[in-house]
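User: I have a model open and I'd like to learn how to read its features. Can you walk me through it?

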Amino acid sequence: MPANQPDSSKTMTGAQILCEALIRNNVKVMFGIPGGTVMPFYHAMFEYRDKLRHVLCRHEQGAGHAAEGYARGTGNLAVCIGTSGPGATNLITPIADAWMDSTPLLAITGQVASTLIGTDAFQETDITGITLPITKHNYLIKKACDIPHVIQEAIYLATSGRTGPVHVDITKDAQQESCVPNWDFKLSCRVHRAGPSVAVEQIRHTVELLRSARRPLIMAGNGVIQAEACSELRRFVDATGIPVVTTLHGLGAFPEDHQLSLGMPGMHGWVHVNKAIQRCDVLLTIGARFDDRVTGKVSTFAPNAKVIHIDIDRAELNKLVPATVAIHADAREALFALNDVWDDGTGSDCNEQKCHHHDWLMEIRQLQSEHQPRQAYMRKAESGDLSPADVYAALNKAVNSGNRCRVVTDVGQHQMWAAQLIDWSVPRTHITSGGSGTMGFAVPAALGVAIAHPDETVWVICGDGGFQMTNQELITMKQENVRNVKVAIINNGYLGMVRQWQQLFEERRYSNTPLVNPDFCKLAESYDALGVRVDHRSQLEEVIDAASSHDGVVVIDFRVEREANVFPMVPQGNSIGRMLVDEGVDPTEELLVEPDMSAVV
Amino acid sequence: MSHHWHVKSRVLYKPFIKQKMQHTIIALLQDRPGALSRVTNVFRRRDLNIDTIAAVPTSDYGVSKVVLVIEADNVRPLVAQLEKLIDVFEVRTEVGDGAGDALLPDTRVAALLRQSSFQADGACQL
C-alpha cells in the first residue's frame, strides 16, 4: 500500500472508506444495483463518480456477468454489487460461474445492521454462508475501520494465484459509521502466501520426456491466458514442433492458423484432436484442469500418455488424471523455464526433433482430412435454408476481418459451433461460460467487455433460449451509451442442446424444449437497438456487414435450420475416442471412431 | 462405553459397506467465526461423514486446532482442498486402520488434542 495518505487525518464514513479503498486498489468500474442495505455506499459513490464508474444493471445476475465479462476481457479484477437478501442471492449464479472459470471477481453485498444479524430481519440472508463453497474466501465486515484492509485482502486474493471470486458482505451500520481510516497496514501472512516457484528438476524431467517422445502433444487451457503466457507458449511450440490442442477456455491461447494448432478437444472436439490425445505418448497440459467435458470417461483418457501437468492450483494436480510430472507453477514461469532448458539442450539436433514430430503431425492431419469432411454441417446439400454453419462462416469472416473484435458466447449448441467454426487466434477474444455452463451469460458479459474495450466490436453469439434469460441488459447498454455490441441470436426455436440430447438419446421425445419466442426485432427496437431478421443465406454477408458498421447495438435474429446438431459428439460417459460423427443413422461401427489402443508406442 | 459404541455401530449399521481406510486429519486454523464451518464444508461437499471432531484453541494467539476422524478411500484431494482455505494454516494426516486396532478414534483425538508441540514464536508447526 502506498504511504501517501492525504485524507487519513479526515474522518470518513465506512461507505466513503469503501469507495476510497476500491480506488486505491485501481478499481475503475463497478456493476450493480442499489438497495436498502447498500444505500450508504451508493450515497458515497456519488462523490467519487469521476473516479469510480458505476454501471446500473437491471438484474444482479446481469451485473455479476457484466463484471465477469469485464474481467475476462481485460484480465483485471471486476466488481459487482448487490443489496442484501434477494440482491445478494441474485449474484450467486455469476459468483459460481466465476468460481468455475477462475475469474477474478469481487462481489460486494450489503447486509442488515450488525445488531439485526441472525434475527431474520427484512432482506436478511446468510449470504456469506451461501457463498462459502463458491468463493476463494468471503468476509463479513461489521466495522468501518476494517474496510481498508479487508478490501485489499479480498482484492489480493481474487487476483493472485488461481484467480477467482471473493465476496465481501458489509453491514449497513459499518457503511454508516465514521472513523479515521488506517491505510498503513500489511497483508497478513495467512493471506499473502508466496506463489509456487518452478522446480528446475521437474522442468528438466519434462524436457527429457518431451525429447524422447515420439507422439508428444500440448494441451493449453485457460491458465495460459490467465498467466499471460501465450507468447511463451508460442515460443515453446515453435522451438519444439509439438502440436497444440486448446480447450474451450484455452481458445485464443494459441493461434489456430498456426500449422501446429489442432483445435479443441472433448465432447464436441474434432475427431483428429481427440484421437491425437488418445494416441499421444506424452501429454503436456498447461493451465487446464481435465474437466469431464474434455476427458470423457476419465479412466480411458490419453491411455498411452505420460502426463505432465502444470497448474497454479496444487489441488488440481493428480485430481483427475494422474501425472507423471506434476508441476505446481504459474504457466508463464513454467514456460519460461521450459524454454530456457529446451534452448540450453538444443543444438543441431533441433531440426531432427522437429522432423520426428512431422510424421506425428502428418498422422494427425491425415485423420483430420478423413474425418472433418464427414461433419454433417460441412457437407449439407445446397438449399435455401439457413444452416448454422452458414451463419458461422459469415461471422468468422466478420470476426477475423482485421477489425478488432471480441466474441462472447452463451451456453449450448451455438457455443460449441462458435468454438469449432470460428478461427480463434487472439487471447481474451473468446469469452464464454465454460465450467458452470450458465445460460444467460452472454448479453450481460458483452456489456462488461464492451465497457472494457469501447473501441472494439463485441459480438454476442447466443441461442434464443439463453438470450431471453438476461436480455434486459440491452437497456443498460442504452443507458451507459454502449454502442459496440452486436448480438447474433442463433434462433432454432428450441433449447437446442437439450433437444439434441433428446433426439440422440431419448427417442426424440422433445419434452419441454420447443420455444415460443417473442419477435426479437421488435424487442430490440424497444431497447433502442436495431433489430434484423435473417432467413436466407443470401442475406448473411450484407446484414453482418451492416451490423458491424452500424453505430449502435444490433440484434440479428438468425432463423436457422431447427434441428441441426453439433457434431462430432462424445456421448456422456464415453471415451473421447468414441465419437458420433453424424446424425440420423444408427451409431454403427462406421460412425463410432474407436480408440486406437494399438497405437502404443 | 464409547469404545463399544464405536465397534457396535460399525458392525450393526455398516456390515455390507466396503471397509474404507480410517484417517485422522489435524488442521491448524484461524481461530475466528466461520473457520470451522469452512473446514467441515469440504467434507460435506464430498459427502463424507465426520466420525469424530474436536477443536481447541492453541497456545498461539488466534490459532486453533481441529482434529477430525473420517473414513475415506483417499484423503489426498481432500487435504489439497483444505490447504487451499485461507483460514487454514496447515494440515497433517495420520492413517488409522479400522476398529480394534491401536487407539480408538475418540481416545486418539483426545491424545492428539493434548499434544502441545506449538512453537512459541508463532511458527505454525504440528
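Analyst: Two strands pair if DSSP finds at least two bridges between them; strands here are DSSP runs (E, at least two residues), helices are runs of H or I with at least four residues, and both are numbered from the N terminus. In chain A, strand β15 (residues 405-409) runs parallel to β17(A), with 5 bridges linking them. Across that pairing, Thr409(A) sits opposite Ile461(A) of β17(A).

Before going on, a word on the source. This is a predicted model, in which local features need pLDDT of at least 70, side-chain atom pairs count only at pLDDT 80 or more, and totals for chains, interfaces and linings use all residues. Residues are numbered from 1 along each chain as its sequence is written, chains are lettered from A and ligands numbered from 1 in the order in which they are written, and side-chain values use heavy atoms, with hydrogens and water left out.

User: Which strand does β17(A) pair with over 6 bridges?

Analyst: That's strand β18 (residues 485-491) of chain A, again in the parallel sense. Ile461(A) turns up here too, opposite Ala488(A) in β18(A).

User: Why does Asp120(A) count as exposed?

Analyst: Because its relative accessible area is 74%. Asp120(A) lies in the loop between β5 (105-111) and α6 (127-131) of chain A.

User: How do I read the interface? How many residues of chain B are in contact with chain A?

Analyst: Contact means heavy atoms within 4.5 Å. By that rule, 15 residues of chain B touch 16 residues of chain A. Buried area is the accessible area (1.4 Å probe) that two parts lose on being put together, summed over both. The two chains bury about 1,400 Å² between them, 48% of it on carbon and sulfur atoms. Arg38(B), Lys84(B) and Ile86(B) supply 44% of what chain B buries against chain A, more than any other three residues.

User: And which side chains form the salt bridge?

Analyst: Look for a side-chain nitrogen of Lys or Arg within 4 Å of a carboxyl oxygen of Asp or Glu. There is 1 between chain B and chain A: Asp313(A) meets Lys84(B) at 2.6 Å, N to O.

Methods: Buried means under 20% relative accessible area, exposed over 50%, partly exposed in between (1.4 Å probe, protein chains only).
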